[in-house]
Amino acid sequence: MARKVVIVGGGAAGLSAGFTLQKHGLDPLLLEAGDQVGGRMGGDRVDGFSTDKGADFFPSSYDVTFRICEELGLPIIRTKMDIGWYRHGRWVVTTPIDSLGTLLKNIRPFWTLGLLSPRGIWPTLKLAKGLRADAQYLNYASDHKIAELDGEETYGDFLDRLSVPKHLRVTLEGFLELTMGYPEQFGATWIRAFLGEVLFKPTQLYVPQGGCSALSYALADRLGGGIRLSTPVRRIVIEDGVATGVITGDGERIGADAVICAVPATKALEIMPDLSPRIRHALSKVNYSRGIRVVVGLNHRPLPAGWSVALYPEDNTPALLDRTVNLPECAPPGKSTLDLWVGRDRAEELFPLDDEEIVRQMLGDARRNAPPGSAIPNDDDVLFTRVYRWNEAVCMGQPGMFKAIVEMRSQLNQDVKNLFIAGDYMRSPIVNGATTSGVETAEEVAEVLGQHS
Ligand SMILES: Cc1cc2nc3c(=O)[nH]c(=O)nc-3n(C[C@H](O)[C@H](O)[C@H](O)COP(=O)(O)OP(=O)(O)OC[C@H]3O[C@@H](n4cnc5c(N)ncnc54)[C@H](O)[C@@H]3O)c2cc1C
């Protein structure tokens, strides 16, 4: 008899779980609260443009994610990222280092960013040396050992310990604040892994053709009719220590032999009030940043020739991204998009405003100190806009989160049978963590159901 598996949540984790269950001959039902799949790896298709709402890049260590892309026949493109940094009232541009020429080109910008300045060079070298020494722990591959290194130190304490001077601190913190809110409060281990994967290996960033959301679409295509959109789950039913199904927002009860919960940790706490205190305690260690992303469709390129990104680490001006530099197929010929991203207190201020006002203010912020040679559009010079508000953007994690989650993973099965938890925070809080956790939980489900049949 076919056994019923219900997956709650259609982000990278839930979709990867569904895909893997299908490979095991199972026919899962995936329930997604929103009217689209993808969650934080979702996107929109608008008049020949395709946008990404959340994830933008995949570092080279994304083993499970790359494998899934290969299985789906989705090509992966290596990006080229010239980045403009607005520092001390002027612009400098960094280029990924892949030759002596690009190394030399970066000397002046690195000086300005504090990486090579007299007071910055030693902390930079110590940081780089530490990342190298801890490389087996600090990466996003499925077999990373982040939890083993996860201590009580915050990123702020870590920078203090390295005696990082103010101007270098702005470089190492400011660009993170845009997407991550207040990185100095969060676990040093996580942020060090991020720096190692993104800042120190900028030549090794990849993106699926069509953008990260293309991966969500491709996974959803495979699942076909097994997905029900606009179906929030109000509760996962746990009876006598066994997960037996779910209750949807409409009160429909769907029975299941196994339930995979693949929603953010905050939502998992809401829909599983019956979990034991020790499991709830681990879930409560997971935090998220808040942020707003605005995507604007344009008839022209917004940034100076060759630039992909412009960053303002010293203030709240939105980060500017032209995805079409690396992904020209995401816009009709001759057109492009400008993504504007803001976090921290500026995101808090903008959150309650309506979409039109958010676009107006963020474009206005971007026009002040616009890079020379850029073409930040006027309000009436845009083809379309989309505003994505993220209450739960990037999973941050208090110090010790990884340890707590690893312990929780081993306890879960003792506390509740037939309940499986997936999601980025269960492995590492980025796309590869989500896909890895999805695949792993699906493998466990297949094994458990196989044993029972
Ligand atoms: C702006 C931004 C930029 C990012 N950039 C990158 C990047 O460049 N690279 C990278 O690797 N990662 C990036 N990330 C992080 C990455 O997107 C996430 O780690 C990953 O997509 C999380 O996948 P998930 O499946 O665990 O969770 P989610 O994507 O959050 O999926 C959870 C799903 O569950 C659904 N759901 C919630 N509650 C319920 C319910 N009660 N019933 C049914 N469904 C429910 C949600 O609607 C959602 O679709 C970024 C995130 C954001 C927001």
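**Close-up views of a predicted model**

View 1. N139 belongs to the loop that lies between α5 (121-133) and α6 (146-149). A polar atom of the N139 side chain lies 2.8 Å from the backbone oxygen of A135. When residues up to four places away in sequence are not counted, the residues that N139 touches are H144, I146, A193 and E197.

**View 2. An open sheet of five strands.** The strands of this open sheet follow the order β10-β2-β1-β14-β20, and their pairing is parallel. At the edges of the sheet stand β10 (227-228) and β20 (419-421), each of which pairs on one side only. Strand β2 (residues 29-31) runs parallel to β10 and is joined to β10 by two bridges. Within this pair of strands, L31 has R228 of β10 as its bridge partner.

View 3. D381 is placed in the loop between α14 (355-367) and β19 (384-390). Its relative accessibility is 37%, so D381 counts as partly exposed, a class that lies between the limits of 20% and 50%. Although D381 and L298 are 83 residues apart in sequence, their C-alpha atoms are 7.6 Å apart in space. Once the neighbours within four places in sequence are left aside, D381 is in contact with L298 and H300.

Definitions and conventions: Residues are numbered from 1 along each chain as its sequence is written. This is a predicted model: local features need pLDDT of at least 70, side-chain atom pairs count only at pLDDT 80 or more; totals for chains, interfaces and linings use all residues. Side-chain values use heavy atoms; hydrogens and water are left out. Helices (H or I, at least four residues) and strands (E, at least two) are DSSP runs, numbered from the N terminus. A polar contact is a pair of N or O atoms within 3.5 Å; within protein, one must be able to donate a hydrogen and the other to accept it, and residues adjacent in sequence count only if both atoms are side-chain atoms. Contact means heavy atoms within 4.5 Å. Two strands pair if DSSP finds at least two bridges between them. Buried means under 20% relative accessible area, exposed over 50%, partly exposed in between (1.4 Å probe, protein chains only).
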